[in-house]
Amino acid sequence: MITRIQAPMQSGKWQAELRQAISDPKELLTILGLSPQQLRLSDRTRREFPLRVPRSYVARMRKGDPKDPLLRQVLPIMSEEVEAAKFVQDPVAELSAQPVPGVLHKYYGRALLVTTGACAIHCRYCFRRHFPYATSNAAAGKWHLALKYLRNDRSIKEVILSGGDPLSLSDTRLADLVTQIAKIDHITRLRIHTRLPIVLPERVDRSLLQWLCATRLKPIVVLHANHANELNEAVTKAITQFRKRGVTLLNQTVLLREVNDSVEALVDLSESLFDIGVLPYYLHLLDPVRGAAHFDVEHATALFLIDGVRERLPGYLVPRLVRECPGERYKIPAELLGTA
Ligand SMILES: *Cc1c(COP(=O)(O)O)cnc(C)c1O
Ligand code: SF4
């Protein structure tokens with residue numbers, strides 16, 4: 001389970017926003033003008049994986065719409081309690097791909113660091129919702145083990161900071177970590193997998209940009225947005241800060257039932273991302289994590305949708321539809337997988 005975010009030490013704007021994030025489903029429904037009769041809330045799954053959503057993200061939800069695509073991503077509902085075959089605790093076998101705590105090394109040339117369990121938002125479909133962050137993160141006083149691993153494997157060219165959300169760590173800790181990574185000469189690229197610039201754009205402040213631009217490593221930021229309604233003016237402003245500094249910007253999306261499972265929604269997302277200077281990267285088929293079966297889109301439907309997107313958009317705006325398969329050497333294009 002994702003641990004609650006630690007009370008941040010600094011008192012910048014984003015830390016204040018984070019402290020005011022909503023954790024009470026009833027409060028969320030009240031803000032949206034919805035009643036608990038319209039949406040069956042689940043207390044049990046909320047205890048396992050609490051509701052957490054920044055207010056500025058809530059402001060992007062449509063009032064009075066129980067089917068709002070942003071609301072659906074964060075609200076703990078009864079559907080999560082339905083057990084489904086194949087929907088398991090660790091769907092992509094991450095626990096067996098950890099050479100040292102907090103390092104996931106599955107693919108050639110790049111290694112992923114689980115830097116923290118904390119996120120600014122809790123996405124109900126999260127494939128790491130049951131990940132044992134307390135023992136398996138590189139931060140628990142164990143940076144040095146992770147760094148040693150990176151140092152000893154000269155095939156690693158790229159380090160991916162992931163989590164949780166790496167940008168929920170303080171800039172002091174991140175700057176320190178990145179300085180250590182940059183000392184390893186075979187590493188040339190630094191990739192950050194983060195949803196924070198989308199859900200809490202205030203996070204992209206001067207102090208973040210400072211360490212990101214001070215490093216000799218080539219920076220890549222991979223965002224996570226699932227719906228065009230997530231992008232607003234504040235997000236655009238945050239992204240512009242990255243663009244001005246030459247950061248490569250990509251986006252990954254999870255294909256989610258009743259959130260973005262239409263050609264319309266996917267086309268709109270790709271075009272809206274491009275408008276703010278971000279290219280679509282991956283469209284992930286849902287990882288079968290326990291509690292998320294109601295988000296699943298059938299394989300044949302997913303293929304049909306991506307075909308529709310191809311028909312409508314230039315190739316560079318079509319994300320790669322992939323599935324993470326345990327034991328494989330890369331994320332597998334959906335077209336190569338059977339419909340099982
Ligand atoms: C997804 C993932 C990556 C990144 O894969 P790319 O195809 O390079 O984007 C790296 N390591 C792990 C463990 C991953 O799950
Ligand atoms: S931001 Fe990413 S890691 Fe955090 S809950 Fe959402 S999907 Fe999971």
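**Ground rules.** I count residues from 1 along each chain as its sequence is written, and chains are lettered from A and ligands numbered from 1 in the order in which they are written. As the model is predicted, I keep local features at pLDDT of at least 70 and side-chain atom pairs at pLDDT 80 or more, while totals for chains, interfaces and linings use all residues, and side-chain values use heavy atoms, with hydrogens and water left out.

**Entry 1: salt bridges.** I searched the whole structure and found 19 salt bridges (a side-chain nitrogen of Lys or Arg within 4 Å of a carboxyl oxygen of Asp or Glu). I then looked up some of the pairs.

I began with E27 and R55, whose side chains meet at 2.9 Å, N to O. E27 sits in helix α2 (residues 25–32) and R55 in helix α4 (residues 55–58), so I note a link between distant parts of the chain, 28 residues apart (helices are DSSP runs of H or I, at least four residues, and strands runs of E, at least two, numbered from the N terminus). E27 is partly exposed at 30% relative accessible area, and R55 is also partly exposed, at 36%. My cut-offs here are under 20% for buried, over 50% for exposed and in between for partly exposed, with a 1.4 Å probe and protein chains only.

Next I looked at E258 and R72, whose closest N and O atoms are 3.7 Å apart. This pair spans 186 residues, from the loop between β6 (248–254) and α11 (263–275), where E258 lies, to helix α5 (residues 69–74), which holds R72. E258 is partly exposed at 43%, whereas R72 is buried at 16%.

Are E80 and R129 buried or exposed? I find E80 buried at 4% relative accessibility and R129 buried at 2%. Their salt bridge has its closest N and O atoms 3.0 Å apart. E80 lies in the loop between α5 and β1 (103–107) and R129 in the loop between β2 (110–114) and α6 (143–152), so the pair ties together parts 49 residues apart in sequence. I also noted a network in which salt bridges with shared partners join R62, D65 and D68.

Entry 2: D153 is in the loop between α6 and β3 (158–162).

**Entry 3: nonpolar cores.** The largest core has 76 residues, and L28, V53, M61, L161, I181 and F242 have the most contacts inside it (a core is a set of buried Ala, Val, Leu, Ile, Met, Phe, Trp, Tyr and Cys residues joined through side-chain atoms within 4.5 Å). Helix α7 (residues 171–182) gives the most to this core, with 5 residues. Beyond four places in sequence, M61 is in contact with L28, L32, V53, D68, L70, L71 and V74. Another core of 16 residues lies apart, with L255, A302, V309 and V318 among them.

**Entry 4: A334.** I placed A334 in the segment after β9 (332–333). A334 counts as buried because its relative accessibility is 0%. Setting aside residues up to four places away in sequence, A334 touches L285, H299, L303, L321 and V322.

Terms used. Contact means heavy atoms within 4.5 Å.
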